[in-house]
Amino acid sequence: MPWLQLSFNVPRAQTEAFSLNLEIAGALSITLGDAGEEPQLEPGPGETPLWSEVTLTALFESDPETQTLVERLARHLTVQLGTPPRIERIEDRVWERVWLDTFKPTRFGRRLWVCPHGQAPNDPRAVVVALDPGLAFGTGHHATTALCLEWLDGASLADKTVLDFGCGSGILAIAALKLGAARAIAVDHDPQALEATRDNALANGVADRLDIHAPEHLPDHAADCVLANILAATLIALAPRLIERLRPQGELVLSGVLAEQADSVRAAYTDSLDLDPTRIREDWVLISGSRKHRHPDG
Ligand SMILES: C[S@@+](CC[C@H](N)C(=O)[O-])C[C@H]1O[C@@H](n2cnc3c(N)ncnc32)[C@H](O)[C@@H]1O
């Protein structure tokens, strides 16, 4: 069945009133999007911040009666907004197919792959993380995750304990375990992320080697490798906590940092870590280093 899609921009304060009117008019779904260029990076759990200018997109059935109603609604909106809304006809598609066409097996580094369930690569050396997109962040398609996955692919993880702080889907902890880490600990302050990590670990057969915790329940012991793909300001605030979790000479990997923020994040870690050169992908950088070995007298 085809659909009719109506979309227009409104200021943030009017979003609720317009959404309600669309609902009353019989919209099957209403989607809110950014009408400008104002990315909302990583809202906290339960927060749904809105952009200052919002694009409302409503989907209606396309039978003749609804079509007449949508046209009438469009005339009202043109008077109210001073500009006509966009009306599009959306043809029905096999939506599962559309999803599979966009999310394909992807390789990171030499042998690490992230693949939708049931789609293994034709590579006998492949180390595969099976993952479908879900509510929690982390499929490898964002540059910040890709940088961490490439780092993991090149790391020696055998017998190591890895801490994934801000685990989202659990992709980094699961990849580390598949690449040979002995144990991993995944931490996130979003309960949905903890649930997704649990499900993904089970689906990848590594749940028995993965401990999953909210930050306030994180046990004390230190890790050989700490990964944190969060945002610059959070990484700076978390610096003492993340450093404290690292064994002497343990490795720290920080992602989620824009190129222009790299110096301030490096400054928060440079006293305790020997930092490697920054790796870059698109506008994002990865900062890594190993914990300095301190002599007892110094
Ligand atoms: C950008 S996602 C990264 C997900 C995954 N590790 C990856 O690399 O794709 C950041 C995650 O960190 C979590 N997070 C943000 N601030 C946090 C904090 N202060 N403590 C714990 N988790 C946090 C978010 O809930 C989110 O799941």
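1. Start with T145. One of its polar side-chain atoms lies 2.7 Å from an oxygen atom of the ligand. This is a predicted model, and the distance is computed from it.

2. In D188, a side-chain N or O atom is 2.7 Å from a ligand oxygen. In N229, a side-chain N or O atom is 2.8 Å from an oxygen atom of the ligand. As for cover, the ligand taken alone exposes 600 Å², and the protein buries 90% of that.

3. Now the shell as a whole. The ligand is surrounded by 18 residues. T145, D188 and N229 are among the closest, and E42 and G166 also belong to that closest group. By class, the shell holds 7 nonpolar, 7 polar and 4 charged residues.

4. Which secondary-structure elements each supply at least two residues of the shell? Strand β8 (161-165) does, and so does helix α5 (171-178).

5. On domains, the assignment gives two. Domain 1 comprises two segments, 3-37 and 44-92. Domain 2 runs over 137-291. How far apart do the C-alpha centres of domain 1 and domain 2 lie? The separation is 39 Å.

6. T145, G166, D188 and N229 have numbers inside 137-291, the range of domain 2. E42 is listed with them among the closest residues, but its number falls in neither segment of domain 1.

Terms used
Residues are numbered from 1 along each chain as its sequence is written. This is a predicted model: local features need pLDDT of at least 70, side-chain atom pairs count only at pLDDT 80 or more; totals for chains, interfaces and linings use all residues. Side-chain values use heavy atoms; hydrogens and water are left out. A residue is near a molecule or strand if one of its heavy atoms lies within 4 Å of it. A polar contact is a pair of N or O atoms within 3.5 Å; within protein, one must be able to donate a hydrogen and the other to accept it, and residues adjacent in sequence count only if both atoms are side-chain atoms. Accessible areas come from the Shrake-Rupley method with a 1.4 Å probe; for residues, only the protein chains shown count as cover. Helices (H or I, at least four residues) and strands (E, at least two) are DSSP runs, numbered from the N terminus. Ala, Val, Leu, Ile, Met, Phe, Trp, Tyr, Cys and Pro count as nonpolar, Asp, Glu, Lys and Arg as charged, and the others, Gly among them, as polar. Domain bounds come from an automatic or database domain assignment.
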